[in-house]
Amino acid sequence: MSNFSIRHYNPLIDLPSLSRLLTEVESTDRDGEDTSEEYLLASLDWPNYRPAQDVWVAELDGQLVGYGVALEQPSQRCTLYVAVHPSERRRGLGSQLLELVLARARELGSKTMLIYANEHNPASNLFLKHHSFMPVGSSGAMKSPDPFEIPTFDLPAGFQLKKYSQVNDPGILLAALDDCYLDMWGHQHNDQRTEEELRSPRFLKYYASDDILLLFDPHNTVCGICSVKPEGKKDGNGSVTDLLDAPGVIKEYREQGYQRQLALAGIQHLHKKGSRPITLEFWGDGEFALNLYRELGFEMVNHYIAYYKELA
């Protein structure tokens with residue numbers, strides 16, 4: 001086993017080296033990850049991303065060869081991430097980093113761990129199963145055809161689509177984020193929000209209020225959400241695309257296909273700001289929703305299996 005040196009991540013000195021490491025990992029794994037320095041700098045603003053406590057890097061001969069994160073989530077959950085340079089795999093480093101992030105998750109009081117593996121990476125999937133993680137769902141990204149001809153679509157009778165800027169009610173936005181993604185792995189459900197979050201949801205730091213679309217049913221209850229960001233995604237080749245973020249529908253309507261109308265409304269909204277390829281991200285969706293997107297012409301870019309583990 002190589003003599004790895006593992007310590008906490010220091011963005012002030014490690015960020016360029018971490019970008020190089022993740023870029024080399026991406027060149028082998030081809031997960032479609034953005035590994036740029038700009039993306040890593042932006043990640044420092046993520047909620048509960050605390051490099052000095054929750055993030056580790058591994059060095060060998062002065063080079064970063066490993067990276068591990070324990071990202072605390074609401075409701076006693078923790079999302080984990082571990083990456084090892086291809087040249088240093090099968091030498092125990094992945095297990096060392098995993099044990100560190102699991103130990104940190106225990107310190108945070110987390111009861112459920114979540115981690116992802118590319119479905120086309122058998123070694124990663126075997127690694128997680130070896131460490132007693134269980135598959136529970138999927139996530140990933142799809143890309144629109146270019147050019148994209150938007151088919152006509154209608155909302156069901158009595159339903160209305162509104163921009164959040166027309167609603168401007170934090171309670172409605174938070175209800176949409178909770179109810180429309182309920183029981184979908186990869187989405188945060190928070191039942192212990194702070195007063196600050198109730199007044200000003202963090203979600204509004206990532207998406208402009210004009211770019212959040214809300215679907216209301218005939219009872220004027222929010223039942224769907226779709227958020228977009230022009231030029232909001234960079235693919236593995238460095239190309240910039242628009243982002244269509246996970247159309248979500250409450251469980252009552254989830255099998256009726258309203259994700260299609262939300263996706264098309266989001267695409268229509270993006271096209272008003274310029275025509276670019278669109279990356280559609282999904283978290284916890286089943287084959288029913290994914291087939292709706294395939295029927296629109298979206299093609300799978302990457303597909304991850306979500307694994308979970310419960311801690312005593």
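**View A. An open sheet of twelve strands.** In this predicted model, twelve strands line up as β1-β2-β3-β4-β5-β12-β6-β11-β10-β9-β8-β7. The sheet is open and its pairing is mixed. β1 (5–8) and β7 (160–163) stand at the edges. Each has a single partner strand, so one side of each lacks a neighbour in the sheet. From one strand to the next, the twist averages 20°. Strands of a sheet pair through backbone hydrogen bonds, in either the parallel or the antiparallel sense.

**View B. β12 between β5 and β6.** In the strand order, β12 sits between β5 and β6. β5 (residues 112–118) pairs with β12 (residues 299–310) through seven bridges, in the antiparallel sense. Leu114 has Tyr308 of β12 as its bridge partner. β6 (residues 134–143) also runs antiparallel to β12, and nine bridges join the two. Here Gly140 is bridged to His303 of β12.

**View C. The β3–β4 pair.** β3 (residues 63–73) and β4 (residues 77–84) are antiparallel partners, with eight bridges between them. One of the bridges links Gln73 to Arg77 in β4.

**View D. Helices on the sheet.** Helix α1 (residues 11–29) lies across β1, β2 (55–60), β3, β4 and β5. Its direction is at about 95° to β3. Helix α5 (residues 122–130) also packs on the sheet, where it touches β5 and β12. The α5 direction makes about 160° with that of β5.

**View E. The largest nonpolar core.** This core holds 44 residues. Ile212, Leu214, Ile225, Leu244, Tyr293 and Phe298 have the most contacts inside it. Elements that give two or more residues are α7 (170–179), β8 (212–216), β9 (222–234), β10 (240–249), α10 (258–271), β11 (278–283) and α11 (287–295). The most comes from α10, with seven residues.

**View F. The surroundings of Leu214.** Leu214 is one of the residues with the most contacts inside the largest core. Which residues is Leu214 in contact with, leaving aside neighbours within four places in sequence? They are Gln160, Leu161, Lys162, Tyr164, Val167, Ile172, Ala176, Val222, Gly224 and Ile225. Among these, Ile225 is also listed with the most contacts inside the core.

Terms used
Residues are numbered from 1 along each chain as its sequence is written. This is a predicted model: local features need pLDDT of at least 70, side-chain atom pairs count only at pLDDT 80 or more; totals for chains, interfaces and linings use all residues. Side-chain values use heavy atoms; hydrogens and water are left out. Two strands pair if DSSP finds at least two bridges between them. Helices (H or I, at least four residues) and strands (E, at least two) are DSSP runs, numbered from the N terminus. A nonpolar core is a set of buried Ala, Val, Leu, Ile, Met, Phe, Trp, Tyr and Cys residues joined through side-chain atoms within 4.5 Å. Buried means under 20% relative accessible area, exposed over 50%, partly exposed in between (1.4 Å probe, protein chains only). Contact means heavy atoms within 4.5 Å. Axes are lines fitted to C-alpha atoms, for helices over the stretch in contact, and angles run from 0 to 180 degrees between N-to-C directions.
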